[in-house]
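Work through the exercises below with the model open. Each task is followed by a solution in steps.

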Amino acid sequence: MNTITTDNKYDVIVVGGGHAGIEASLACARLGHPTLLITQNIDRIGYMSCNPAIGGLAKGHLVKEIDALGGEMAIATDETGIQFKQLNTGKGPAVRSSRAQVDRQGYRLRMKRVVEVQANLDVKQNTVEEVIVHDGKVTGVRTDAGDTIHGKALILSPGTFLNGLIHIGLDRFPSGRMGDPPSIGLSESLKKLGFRLGRLKTGTTPRLDGRTIDFSKMTPHYGDEPPAPFSLSTPKIEIEQVPCYITYTNPATHEIIRSGLDRSPLFCGIIKGIGPRYCPSIEDKVVRFSDRKRHQIFLEPDGRDTHEIYPNGISTSLPLDIQMLMLRSIQGLETVEILRPGYAIEYDFVDPTELKPSLETKKIRGLFHAGQMNGTSGYEEAAAQGLIAGINASLLIRGKEPLVLTRSDAYIGVLIDDLATKGTAEPYRMFTSRAEYRLHLREDNADLRLMEKGHEVGLVNQGNYELFQRKKRLIEKTLLSISSGRVHPARNHHDTLLRWGNAPLKKEHSLMDLLKRPEIHFHHLAAFDPGLESLPREVREQVEIHVKYEGYIKRQMEQIDRFKRLEELNFPEGFDFSSVVGLSTEVKEKLIRIRPFSLGQASRISGITPAAVSILMMNLKKQGFL
């Protein structure tokens, strides 16, 4: 760990050692700023509070984008993963995603080590009680030990610790996570500063002793061979992969769950926070989907050197006796023992419409929010926000314009725009369906979309940037090669095409023309040009997608061009929305509360009609801003 200051003065202070705090503090330190990471427990840096997995549908996109911008999550996943899987491979490239099971303790220790050895980064174990503000600008924090630490920028990423409250049955106690105290003072400090706080709820499953599970009664779920890395800087992954297992609840399980609903804090009205719609507790599933005979449980190993198992799909806050009965009614779990009970946790979050697209707060200069305190759910969503907050805290200190990713740039842009523009009333989770330009925002081209930006900011090192440039050149060269390479209607070519179930040639075609045929894939082209066989997998993949989806991609790029024109129509600083004639009172109130930065952002606010957007555009023209 590098000691860089002795007078409690830093460029950037980051509060919270979770996924958001790690990316934020590493980004600031790597960009040359003396940075302090404050966390309640140094041994919990990088701890995975929920399931031991990274990625998944749409979340894999976020991890690839974090990597393209120079973040850490993808590299850590490649180093500590125990099973790698590509999801949705039978569907189009826009919705394919990567997911990896990781070694929970290995991931935590790896992240802790990276943080501790990073130059320009100090780590302190403490609890922040107060945000210090002077003349509308953040100047530091005050801890429960009475220390005042000064900083030019502050990034808050406290996860579920803000006024956290754990529920197990009718028992409840203050906690930020099982075994960790909550942060009460920081929540009160934010209220005093005028921020709008709400209440959310999330939950986790009981953790099981794998030695008491009969896996022979379950369906094994294996990783892909060979495993595909998350990070561009990982040449290959050579590990023995660990299987997961699938089992199901049954009508007897559901009856046991119903018998405990009178002691469920969720159904007794004790929990006030709103839970995640797309990841409900098992008791919520049984009540909401009463016609379902079973629900899948995906058993995930916690690591190579532990017997602990995470049964994904049965998060619960039922009493411990009901949890045990419920589990033992499931096939393969008849004699299971619980190592840690499942629980629900309620916590405070700050209305994310209080944020600029840079993740800096509108109220206080130099104060950034990232992660679950913005209403999101998931490691990947948190890490993405932490990285952007870290980059923009650095740019703010340097007096430069912030890095703002748009909805057409990245899933990270969709995530932040949704939060800052629409807010959220429930834990926000990323899905491919949230992105209107998802054919462009594919997982496979994250580096092509974002690595230039990461290099310009200063987070992508020269070695990785040169790898990226080589890949780009190879893609361009290969596209040129297959567009000029010709195939003649010769007898041997005729036979080859027939073997592939393809119509023979009646005239000369380019290799690119052949690749446009649905039955032909890039690897087939090596029959006509053997040199293509030696190209890297990622180059072949990009070329095939480019050729097969060319028309669709072209139309989407035209949509993006139209979108950009609207996004570039910015409101001047301090624009008076209340003075715009023709807008309803409700529309004015929404515009004043959210204060959109562009006409495009205004158009995405719930309740802002196309007519209201036209009125705003005419007003900007009249005032000479367009």
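**Exercise 1.** State what share of the protein is buried.

Solution. Of the 626 residues, 56% count as buried, where buried means under 20% relative accessible area, exposed over 50% and partly exposed in between, with a 1.4 Å probe and protein chains only. This is a predicted model, in which local features need pLDDT of at least 70, side-chain atom pairs count only at pLDDT 80 or more, and totals for chains, interfaces and linings use all residues. Residues are numbered from 1 along each chain as its sequence is written, and side-chain values use heavy atoms, leaving out hydrogens and water.

**Exercise 2.** Compare the radius of gyration with that of a compact globule.

Solution. Step one: the rule, over C-alpha atoms, is 2.2 Å times the number of residues to the power 0.38.

**Exercise 3.** Describe the surroundings of Ala389.

Solution. Begin with its place: Ala389 lies in helix H9, residues 379–397 (helices are DSSP runs of H or I, at least four residues, numbered from the N terminus). Its relative accessible area is 0%, so Ala389 is buried. Leaving aside residues up to four places away in sequence, Ala389 touches Ile155, Leu359, Phe368 and Ala370 (contact means heavy atoms within 4.5 Å). Finally, Ser25 is 364 residues from Ala389 along the chain, yet their C-alpha atoms are separated by 9.4 Å.

**Exercise 4.** Which residues have pLDDT under 50?

Solution. pLDDT is the predictor's confidence in each residue, from 0 to 100. The protein's mean is 94, but residues 1–6 stay under 50. Where pLDDT is low, the predicted coordinates should not be read in detail.

Conventions. Helices (H or I, at least four residues) and strands (E, at least two) are DSSP runs, numbered from the N terminus.
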